[in-house]
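Work through the following exercises with the sequence and the structure side by side. Each task is followed by a solution that goes step by step.

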Amino acid sequence: MSTAGPAPALVPGEPEAVSALVADKLAAFLRTLRDNAFAVGLSEGQDAAMLLASGYGDRPGLLRAAFKHLFAARKADWEVFDGLFDAFWLGKRVRSRSAISGSTRAANNPSLKDLRNDATNSGGDTAPDQMPAGDEPGEDRDGVGRMEGASRTDNLAETDFRKIADPAQIAAAHDIAARLARTMRTRLTRRDLARRRGYRLDLRRTIHRNISHGGVPITLVKRRRKEKPLRLVMLLDASGSMSLYTSVFLRFIHGVLDEFREADAFLFHTRLAHVSDAMKEKDPVRALDRLSMMAQGAGGGTRIGESLQTFNRWHAARVIHSRTCVMIVSDGYETGDAALLGQEMARLSRRCRRIAWLNPMIGWEGYAPEAAGIKAALPHVDLYAPAHTLQSLADLEPYLAKL
Amino acid sequence: MSLSRDQIAERLAGAGYIADGELAVAISLMDLLKRPLLLEGEAGVGKTEVAKALAAVHSAELIRLQCYEGLDQSAALYEWNYQRQLLAIQAHQVEAGGKAGAIEDQIFSEKYLLERPLLAAIRREKPPVLLIDEVDRADEEFEAFLLELLSDFQVSIPELGTITAVSIPHVVLTSNGTRELSDALRRRCLYHYVDYPDVDREARIIMARVEGAGASLSLQIARMVESIRKEDLRKVPGVAETLDWAGALVGLDVRDLADRPETVHETLMCLLKTHEDKARLSREVTERLLGKVA
C-alpha cells in the first residue's frame, strides 16, 4: 500500500465511484502517515474526508497545505509531510530517505541493522563483524562470559559487555539494565515527593478556605514548592567503534524511557537522530525496528562535535531544563574537529545541570583519555565514569539522585 | 460565518500581516473544522502576531492568556472575589442576623465571580480570538485541563453549575518548544510551523511596518538580516529585531546600506543581544556581509 500507484483523479465528477476510490486511498494515506510516526486518529480521518468533500481536493497544492496543517503535529512531521504527500498522491519519488516504512530495505545502515538483528534473533550468535577490527585485544571468545552457578546475576553485573557473548546472557544483561532504570526512577521520584512541604502561607487561598468559618482563619493553606522532576537526556554514540556496547545501552535507554517520566534519547554517529519516540515502543524488538528505519546515512566515523552542535541548536531548548542531566555515552573517538567538540561541550554545559560522560573504554586496561576529542570534552564534564559493566551503570544512581 | 481563503489573505494583508500562503489555508481550516491552531517556531518569528492579525481578520476581540510555570485554574479560568465575599458576609451578619441561604446565594452569584481569560473567552457574544501564549511554559496538568476545555467548551464551577460556551472562540496556541507538548494536545490542534520569513516576505513586512522604509532599503535590510541569521549566533534575530533595526536605520536617515557601513555596524545592537554575538560580528564580518548584500 505504501508504494504510490497511479493516483486516483482528484477531480470532482462521477461522485459515487470517485468518492469510494478516494475514501480507500485516503485510508491508505492515513496508514502511511501512521507508519511514518504521525499521530493520526479517527477524528483526523473524518476531518480529512470532510475537507476532500468541501472542495479542497480540487488542487493538489491546496490539499497538501490543508492536510499538512491537519496531520502534522510537530516540526519533524511538518518537514517530511510534503515529501510523503507527493510520493503518495502525486506518485513522485521521496527525495530524502524519509522512509515509507514496512520496507526493511530502509535499514541499510550497517550498525543499526546489526543491532536489530542482534535483538531479533536472540538465538543467533553475535556476528564477528561487529568486533571493531584492529583495536580488539585478541581474546579467547570460547572461555569468556560463561558464568554458571548460583551467583550468576552478580557475576554478570561485573562482566565487561564486550565479553558477554552468549545470547541468553545478553538477554539477561538487558533485563538488568531495564530493572536498573526502574529502580533509579522509583528512588528519584520518592525523594521528590518527600521534599514537598509547604513553607509559606498562601493568604489568598487561606481566605478562600475559611469563608465557611465566616472569615476566621482556622485552617491555613500553605504554598508548596513545586519541584521539577529530574530529566535525563541521553546521547548515545552508535558508531562502529562502540558497536559492542550500543545494543546493551540501547536496551538501557529503552528501560529508562519506559520508566522515567521525563527522559529523552538521541543517537549519533555521523549525525544526530532523536529516537525517543521510536524507543518508547514497549517491545524492544519493535523499537529497534523503528530505529533502524530512522537511521540515515551510513555509519562510519563519529562526528561528536557536529552531532552536539545539531543538538544544541535544534533540541537543547526543548529538552533541557534546569534540572536536567545530560548523559553522553561515547568512547570519545572523534573523527571530526576536536575544537568544535570542545566548543559545543562548553555551550551544552552552560545549559544543563550536569554532564555525565560514560566511557566504556575506561574499563579497559591501560586506557588513558588521550584521543583529541575526549581531551577537548573533558574540561566541561562533571562526571567522567566507566560504563563497561552493569555495575558501573548502577553506580551512577546515587549521583543522579543528588541532582 | 466562514471566510474564503482569498478573503482571509486579503484581510490579513489589510491588517498589516504579510502571511505566507499556507497560513491562510490554516485559518480557513480553523473555521471549517473548529479546531484550535497550534503555532510553533523559534522565538521572534511572529507567532503572537498571527493571533493579532487573526483578530483583525474576524474583527474580533483578542483575549490573551500568557502561560507560565505554576499557572493554575484560578489565574486562567475564574476565581471568586474573596475579599468582596468576606465583606458581604460581614455586612449581612450585621443587617439580617444571618440567614445562611440568602448569604450563600448572594456571595456565589456572578457578581462575585472574577472572570479570567479562559472563562471570558467562552462567554462573549461574538466569538473572540483566544490566544494561549507559550503553552509549553505551563505545567502538564494545566495542559490536560486545557485539553478538556478545548474539546467541550464548557466549564463547571461547583457553586454556580456548568457554564456552556455562548460562542466558540477562535483559539490560537503558541509554543516556543521549551517543553514537549503532549500528543493529545497536538492531535487536537491544527499545526503550523512558523519559520523565519524569506527575504522577499521580510522586505514586504519591513515596508508595511516601518514608515519611510523604501523598497530598495527594505530589500537590503532583509538580505542583510538573512545573512546574519546564517552566521553562527547564540541568539538569532527575529522579525521584531529586524523591524527595530529598520526603524533605527530609517531614523538615522540611511538610504543605502553600502553608503554608511559605520552606521550599519553601530546599529547592529538592535539585532544582536549577547556579548558573544556582538564579538562575532566584528567590523570586518559586517563589511563582508554588506559587500554581499548591498
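Two residues are in contact if their C-beta atoms, placed from the backbone, lie within 7 Å. Please keep in mind throughout that this is a predicted model.

**Exercise 1. A strand and its neighbours**

Task: Decide whether the residues of strand β8 (residues 170-175) of chain B are buried or exposed, and find which residue of β8(B) is the bridge partner of B:E40.

Solution: As a cut-off, a residue is buried if 20 or more other C-beta atoms lie within 10 Å of its own. By this test, six of the six residues of β8(B) are buried. Now separate the two faces, remembering that in a regular strand the side chains alternate between the two faces of the sheet. On one side of β8(B) are B:H170, B:V172 and B:T174, on the other are B:V171, B:L173 and B:S175, and both faces are covered. Then turn to the pairing, where strand β1 (residues 37-40) of chain B runs in the parallel sense with β8(B) over four bridges, and the bridge partner of B:E40 is B:S175. Strand β5 (residues 129-133) of chain B also pairs with β8(B) in the parallel sense over four bridges, with B:L130 opposite B:V171.

**Exercise 2. The nonpolar cores**

Task: Find which residues touch the most other members of the largest nonpolar core, and follow the contacts of B:L54.

Solution: Start from the general point that in soluble globular proteins, nonpolar side chains tend to be buried together. The largest nonpolar core here has 96 residues, of which A:A66, B:L54, B:V172, B:L190, B:I206 and B:I221 touch the most other members. Helix α2 (residues 21-33) of chain B provides the largest share of this core, eight residues. If residues up to four places away in sequence are left out, B:L54 touches B:I27, B:V129, B:H170 and B:V172. To finish, note a second, separate core of 49 residues, which includes A:L232, A:L250, A:L341 and A:A387.

Notes
Residues numbered from 1 in each chain as written. Chains lettered and ligands numbered in written order. Predicted model: local features only at pLDDT ≥ 70, side-chain atom pairs only at ≥ 80, totals over all residues. Core = buried A, V, L, I, M, F, W, Y, C linked by C-beta atoms within 7 Å. Buried ≥ 20, exposed ≤ 12 C-beta atoms within 10 Å, placed from the backbone. Helix = DSSP H or I, 4+ residues; strand = E, 2+ residues; numbered from the N terminus. Pairing = 2+ DSSP bridges.
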